[in-house]
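Please look over the following model before reading the notes on it.

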Amino acid sequence: MDRAVTEMPELDLDLLTRLCETPGAPGREERIREVVTAELAPHADEITVDPLGNVAAIRRGGGGPRVMLAAHMDELGFMVTHIDDDGYIRVVPLGGFDPKTKVAQRVIVHGRDDLLGVMGAKPIHIMTPEERKKLPAPDDHYIDVGLPADEVRELVRKGDPVTRERTLARLGHLITCKSLDNRAGLYVMIQAMRHLGDHECEVVAVATTQEEVGLRGARVAAQRIRPDIGLAIDITLANDGPGAKPHEKVTTVGGGAAIKAYDSGVIVPRAIIEHLEQVADQREIPHQVEIMSRGGTDTRELQLAGDGALAGCVSIPTRYVHQVVETCDPADLAASAALVAGFCETAQALVA
Ligand SMILES: [Zn+2]
């Protein structure tokens, strides 16, 4: 039976902060996986980890279909490729960086210890007029950890991961941090599992790996789990600031949980969109429709798993995506968590 109105989960700022500030470069998600596993375990009958590092929290239902939730736990990062004779570190990017965001940043080099580094580049004073006009090329920047080469080589090896350094902060009514993509999604999934009421479906909440380098974790997780119904949880663009034309907005921060209709990897089945809208309407959860013309999510892998699954996505409107000042609204996180929980409680109707 449907509950009339779901209360919105209160903001758990401590959880969100820990999720955002724990490192997890693609392929090196072990530290964030530990945090997520500890949070999901009390709400699961069983926890599994597969060879790609995806962690699945399985909550058995009453014999209904299998619903797989997927929120990726990797974040944009780098991998160390070279240490030069002056101790400067070169890296290869892991994920879709905006070149403008690869300079003037603090990073953490995860070697034998965590080392603070800065992404150095030539100061504007000594740039040629041509250099001033260009975006920085991959060779224009490097990481400076403030140590001589012999000390760097003792602590850092080729292949070590590097992540961006930024603490979570409140920004008026909003919150800002690096990697709200997709720690906001992980947060929503954990909150949904905490607040999940009676459910007939088996619910498998998966924190996936290597999304930022091509949905690799989700592909394996979905093939192993073979869901009947899938729901990804990820951030989406809120291009709602100055200069954005109304048709370019995608979503609005503070406008509620975003129900995906389309991204570059998926066309969401009408039945999923309507079911999410129905749950949101019945439970008075603020919501909006999302159409993201470029950029993909784990939704695609859920939809294409096995013989195919009915799959959609609940997205969190986020400003300044893939920059270190990603910004979203705690009210949208609460709405998204309530919607995901409500979806899991009622999803058996989709395959009846
Ligand atoms: Zn994402």
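Leaving aside residues up to four places away in sequence, A56 touches I47, T48, V204, V206, A221 and I225. The model is predicted, and the points below are grouped by topic.

**Residue A56**

- A56 is found in strand β2, which covers residues 55-59.
- Because 22 other C-beta atoms lie within 10 Å, where 20 or more are required, A56 is classed as buried.
- One of its contacts, A221, is 165 residues apart from A56 in sequence, while the two are 8.3 Å apart in space, C-alpha to C-alpha.

**Helix α5**

- Helix α5 spans residues 180-195, and its 16 residues reach 21 Å from the first C-alpha to the last, close to the 22 Å expected at 1.5 Å a residue.
- Of the 16 residues of α5, 14 are buried, so the helix is largely enclosed by the rest of the structure.

**Packing of α1 against α5**

- Helix α1, residues 13-21, packs with α5 at an angle of about 140 degrees, and their axes are 9 Å apart.
- At that angle α1 and α5 are therefore oblique to each other, and their crossing is right-handed.
- From α1, the residues L15, L16, L19 and C20 meet L180, R183, L186, Y187 and I190 of α5.
- The residues of this contact between α1 and α5 divide into 8 nonpolar, no polar and 1 charged.

Note on methods: Residues numbered from 1 in each chain as written. Predicted model: local features only at pLDDT ≥ 70, side-chain atom pairs only at ≥ 80, totals over all residues. Helix = DSSP H or I, 4+ residues; strand = E, 2+ residues; numbered from the N terminus. Buried ≥ 20, exposed ≤ 12 C-beta atoms within 10 Å, placed from the backbone. Contact = placed C-beta atoms within 7 Å. Expected span 1.5 Å × (residues − 1). Axes fitted to C-alpha atoms, helices over the stretch in contact; angles between N-to-C directions. Parallel < 35°, antiparallel > 145°, perpendicular 65-115°, else oblique. Left-handed = near helix turned anticlockwise from the far one by under 90°. Nonpolar A, V, L, I, M, F, W, Y, C, P; charged D, E, K, R; others polar.
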